[in-house]
Amino acid sequence: MDLEKPTELDDMGKATITELANMITGQSVTKLHNLGFQFDLTPPAIFTGENMEVSDTGVEALIVPMEIPQGKIEINVAIRERS
């Protein structure tokens, strides 16, 4: 089977990444819930572009940078304690 390599992040690519994020989030939340943690979730979102900045002083984020043949990707996992 010969697969075509994507050259840009099109709608299908974004949908695929969003679905992957949903699966990772679901597995993580299930495992953490079984350990006694409780969550309010926000569905994953994709932001694209150069020199972006998203700021919220009440949120800590774990940033996972990755380099793929099509460019750089950052996965940000934001955590905020319930008040």
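## A walk through a spread-out chain

Let's start with contacts: in the protein chain, 26% of the contacts with a separation of 6 or more are between residues 24 or more positions apart. Keep in mind as you look around that this is a predicted model.

Next, the elements. The protein chain has 1 helix and 2 strands, and if you follow it from the N terminus, their order is α-β-β. How spread out is the protein chain? Its radius of gyration is 15 Å, whereas the globule rule gives 12 Å for 83 residues; the value is well over the rule, so the chain is more spread out than a compact globule.

Now turn to burial and surface. Of the 83 residues in the protein chain, buried ones make up 2%. The chain exposes about 8,200 Å², and 55% of that area is supplied by carbon and sulfur atoms.

One part of the surface deserves a visit of its own. Which residues make the nonpolar surface patch? Leu62, Val64, Met66, Ile75, Val77 and Ile79 make it, and the patch covers about 500 Å². Both β1 (60-68) and β2 (71-79) take part, each supplying at least two residues of the patch.

Is leucine 62 buried or exposed? Its relative accessibility is 52%, and because a residue over 50% is called exposed, leucine 62 counts as exposed.

Note on methods
Residues numbered from 1 in each chain as written. Predicted model: local features only at pLDDT ≥ 70, side-chain atom pairs only at ≥ 80, totals over all residues. Heavy atoms only, no water. Patch = residues over 30% accessible without salt bridge, like charges linked within 9 Å, V, L, I, M, F, W, Y side chains within 5 Å. Areas by Shrake-Rupley, 256 points an atom, 1.4 Å probe, with all protein chains shown as cover. Salt bridge = Lys/Arg side-chain N within 4 Å of Asp/Glu carboxyl O. Helix = DSSP H or I, 4+ residues; strand = E, 2+ residues; numbered from the N terminus. Buried < 20%, exposed > 50% of the residue type's maximum accessible area, 1.4 Å probe, protein only. Rg over C-alpha atoms; globule rule 2.2 N^0.38 Å. Contact = heavy atoms within 4.5 Å.
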